[in-house]
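Hi,

Here is the structure I promised to pass on to you. Have a look at it first, and then read my notes alongside it.

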Amino acid sequence: MNKSRRNLLKAAALLPLAAVCDGLAWGADAPAGQASYALDLGRPGRRVDPSLASLSYETLELSDPTFFAADNRGLVRLFREMNPHGVLRIGGNTSDDTVWGGYRGRMPAYVPRRHGRLLQPHVLQPEGLQALAGFVRATGWKLVFGVNLRIGSPEMALDLAQAVQRLVGDQLLAIQIGNEANNYEHDYAAFDAAWTPYAKALRAAGLPIAGPDTGANTDWVIEYARRHAGENVFLSRHYYREAAENGSIPDLLAGDPGFFREVEQIMQVADQYALPFRISEGNSYYNGGRDGTSNVFASALWGADFMLALAQRGVAGMHFHGGTLHSVESSLGRVAKVATGGDIVAQRDAQASRYSAIAGNRALGYQPRPLFHGIALAQRFAGARMLPGRLDAGGVNLAAHAAKQGDAVLVALINKDAQHDVTVALGGLPHGAKGELLRLRAPSLDSRRDVSFAADGHVSADAGGACRITVPKGSAAWLRLA
């Protein structure tokens, strides 16, 4: 099928939802849907890694040593609130534009990125690295750190990686070599030839490595695993739904089943070599995210569903990319234009990249974006084993996920529909089980504030292991029954 034909079919499928979203009516008079979700408690599947909820930031963020710092308490608090066992990945485009200020060897010549505007490299100073080490200790998070492959200096990369290891110690999970090298290496063979001298130097020094940290190249991940599985801590690639200029709330909430088929292909290889697989960088839309989509409540529903779908397939961690507007715009060769005015919420929001889960800065303070709350919902599955289930969505854009956590059963019901409330008949629960109900909600799918993920009473299953839960349009419910 040609691209034009695919786009026409996609547009036709989204027309009902798009019409409602554009009018911001959210289908107030639409009839409620009836759905069912039957769990199979006897076949627990993949264990959800405690580091499922993780984050990714540009290396350029380290140019301000007060940002990732132990005494930046507002940011430390939100990291720990999101996940006390997360993994921070430092990398992005600016990792391949960065030279190490502590390096005393011969500095290689800097070659600007194609179509890039940066004529001189970013210089990472020791102060930024020292502050990062303090931040990692304060949060309790592990660290994945990217070194510059594009510049072609294994010696400088080794010196930087050893400095990171000295400062971070056991909290260093891995060093990654290069960021989306598919954008500057002709093919996998060229990447492998460039990567190998780096890997040899790092391995000889006893440093943990991971990769290939490619963009949307599943074939690269599979080939990398076949060649280098024994040398790696985990496998990685990136994910973005599409370019920001093509993004919309209906498109985001329509899902991306093709990507999950690729995840399953990678997991077959990851399992073969007993390696974890991580989405080391990703978010809703590349090119910095789309205003009005990536930073509104729809992103929370998407993020929760996306993470749990990854966990169901065995992905260990999802690193949502974000950070300041300045760092992300700079990584794309653009100058950040920060909006001014508004109340404190609006001012903090203006400081952050459009898809960042956390907004704000040290002077203004920090606040969770809508996406943060969706991440928090999914992270409540940490340590549980995902369960299979049979979902009949009744024509509603509904996602459902379940897991077994000790003697308890967890269920997430995510109603991504803009028109229809839905009542879900749950089956296969422990007979007579009781528990808590939390709801993720906001005034509308395009809400930027007034998002909550909070307790909303209790639930119980009858003697047959069944109960009914109503999930309003554009909201989610999380249940724990034991």
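Below is what I found, going from the whole protein down to single residues.

Please keep in mind that this is a predicted model. The protein has 12 helices and 22 strands. Its radius of gyration is 22 Å, close to the 23 Å that the globule rule gives for 482 residues, so the protein is as compact as a globular protein of that length. Along the principal axes, the C-alpha atoms fill a box of roughly 70 × 50 × 50 Å. Buried residues account for 55% of the 482. The accessible surface comes to about 19200 Å², and 50% of that belongs to carbon and sulfur atoms. If you take the contacts between residues at least 6 apart in sequence, 76% of them join residues at least 24 apart.

**The barrel**

I would start with the closed barrel of eight strands, which runs β2-β3-β6-β7-β8-β9-β10-β11 with parallel pairing. From one strand to the next, the twist averages 25°. Strand β2 (residues 53–58) and strand β11 (residues 317–322) run parallel and are joined by five bridges.

Helix α5 (residues 188–204) lies across β7 (172–177) and β8, and runs at about 145° to β7. Helix α6 (residues 218–228) packs on the sheet and touches β8 and β9 (232–243), its direction making about 175° with that of β9.

A cis peptide bond joins G211 and P212, with omega at about 5°, and P212 lies in strand β8 (residues 209–214). D213 is found in strand β8 too. D213 is not a glycine, yet its phi is positive, at about 55°.

**A second sheet**

There is also an open sheet of four strands, in the order β15-β1-β18-β21, with mixed pairing. Its edge strands are β15 (389–392) and β21 (467–471), each of which pairs on one side only. The twist in this sheet averages 20° from one strand to the next. Strand β1 (residues 33–39) pairs with β15 in the antiparallel sense, over four bridges. There you can see S36 standing opposite D392 in β15.

**Two aspartates with positive phi**

D450 also has a positive phi, near 60°, and it is a residue other than glycine. D450 sits in the loop between β19 (434–441) and β20 (452–460). Are these two aspartates buried or exposed? D213 has 2% relative accessibility, under the 20% cut-off, so D213 counts as buried. D450 has a relative accessible area of 59%, which is over 50%, so D450 is exposed.

**F297**

What is F297 in contact with, leaving aside its neighbours within four places in sequence? The residues are P370, L440, R441, A442, S444, L445, S447, V451, G474 and S475. As a distance to check in your viewer, the C-alpha atoms of F297 and Y366 are separated by 18 Å, and these two residues are 69 apart along the chain.

Happy to go through any of this with you.

Best wishes

Conventions. Residues are numbered from 1 along each chain as its sequence is written. This is a predicted model: local features need pLDDT of at least 70, side-chain atom pairs count only at pLDDT 80 or more; totals for chains, interfaces and linings use all residues. Side-chain values use heavy atoms; hydrogens and water are left out. Buried means under 20% relative accessible area, exposed over 50%, partly exposed in between (1.4 Å probe, protein chains only). Two strands pair if DSSP finds at least two bridges between them. Axes are lines fitted to C-alpha atoms, for helices over the stretch in contact, and angles run from 0 to 180 degrees between N-to-C directions. Contact means heavy atoms within 4.5 Å. The radius of gyration is taken over C-alpha atoms; the globule rule is 2.2 Å times the number of residues to the power 0.38. Accessible areas come from the Shrake-Rupley method with a 1.4 Å probe; for residues, only the protein chains shown count as cover.
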